[in-house]
Amino acid sequence: VYFDSRDEASLQSARDLHTQLALQFPQLKIFPLHMKPVGPHPLPMFELHLLNRLDFGAVLPWLCLRRGEHTVLV
């Protein structure tokens, strides 16, 4: 999930989404927010791993509906 760390609204929205994901899907491995581009990612981001392939059908629609302005790389 990409966000703009220079924009307070984008950063807060990413933090909120990060928290909501953790509450809604405690079985996911959700990594901390990276405030600068990391590796091949061109923007600040946070990453999550689905540990059970069955979660894909629940997490992806949930995230699509709640991602707001954020781009999600799948």
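Predicted model: local features only at pLDDT ≥ 70, side-chain atom pairs only at ≥ 80, totals over all residues.
Reader: How far apart in space are leucine 11 and leucine 65, C-alpha to C-alpha?

Author: In sequence, 54 residues separate leucine 11 from leucine 65. Between their C-alpha atoms, the distance in space is 18 Å.

Reader: What span does H1 reach from its first C-alpha to its last?

Author: H1 has 17 residues. At 1.5 Å a residue, the expected span is 24 Å. The span in the model is close to that, at 24 Å.

Reader: Within what arc do the buried residues of H1 fall, seen down its axis?

Author: The buried residues in H1 are Ser10, Leu11, Ala14, Leu17, His18 and Leu21. They line one face of the helix, because down the axis they fall within an arc of 125°. On the other side of H1, Glu8, Ala9 and Leu23 are exposed. The arc that holds the buried residues is 125°.

Reader: Which residue caps the N-terminal end of H1?

Author: A side-chain oxygen lies 3.0 Å from the backbone nitrogen of alanine 9. That oxygen belongs to the residue capping the N-terminal end of H1, aspartate 7.

Reader: Is histidine 18 buried or exposed?

Author: Histidine 18 sits in helix H1 and touches Ile30, Phe31, Pro32, Leu33 and Phe46, not counting residues up to four places away in sequence. Its relative accessible area is 18%. Burial requires a value under 20%, so histidine 18, at 18%, is buried.

Reader: Which element gives the most residues to the largest nonpolar core?

Author: This core has 10 residues in all: Val1, Leu17, Leu21, Phe25, Leu28, Phe46, Leu48, Val59, Trp62 and Leu63. The elements giving two or more residues to this core are H1 and helix H2 (56-66). With three residues, the element that gives the most is H2.

Reader: What is the geometry of the aromatic pair of phenylalanine 25 and tryptophan 62?

Author: The count of aromatic pairs comes to one. In this pair, the ring centres of phenylalanine 25 and tryptophan 62 are 5.5 Å apart and the planes stand at 90°. Planes over 60 degrees apart count as edge-to-face, so this pair is edge-to-face.

Reader: How many residues apart in sequence are the parts that this pair ties together?

Author: Both phenylalanine 25 and tryptophan 62 are buried. Phenylalanine 25 touches Ala58, Val59 and Trp62, not counting residues up to four places away in sequence. Phenylalanine 25 lies in the loop between H1 and strand S1 (29-30) and tryptophan 62 in helix H2, so the separation in sequence of the parts tied together is 37 residues.

Definitions and conventions
Residues numbered from 1 in each chain as written. Heavy atoms only, no water. Core = buried A, V, L, I, M, F, W, Y, C linked by side-chain atoms within 4.5 Å. Buried < 20%, exposed > 50% of the residue type's maximum accessible area, 1.4 Å probe, protein only. Helix = DSSP H or I, 4+ residues; strand = E, 2+ residues; numbered from the N terminus. Contact = heavy atoms within 4.5 Å. Phe/Tyr/Trp six-rings, centres within 6.5 Å; stacked < 30°, edge-to-face > 60°. Expected span 1.5 Å × (residues − 1). Arc of directions from axis to C-beta. Polar contact = N/O pair within 3.5 Å; in protein donor to acceptor, adjacent residues only side chain to side chain.
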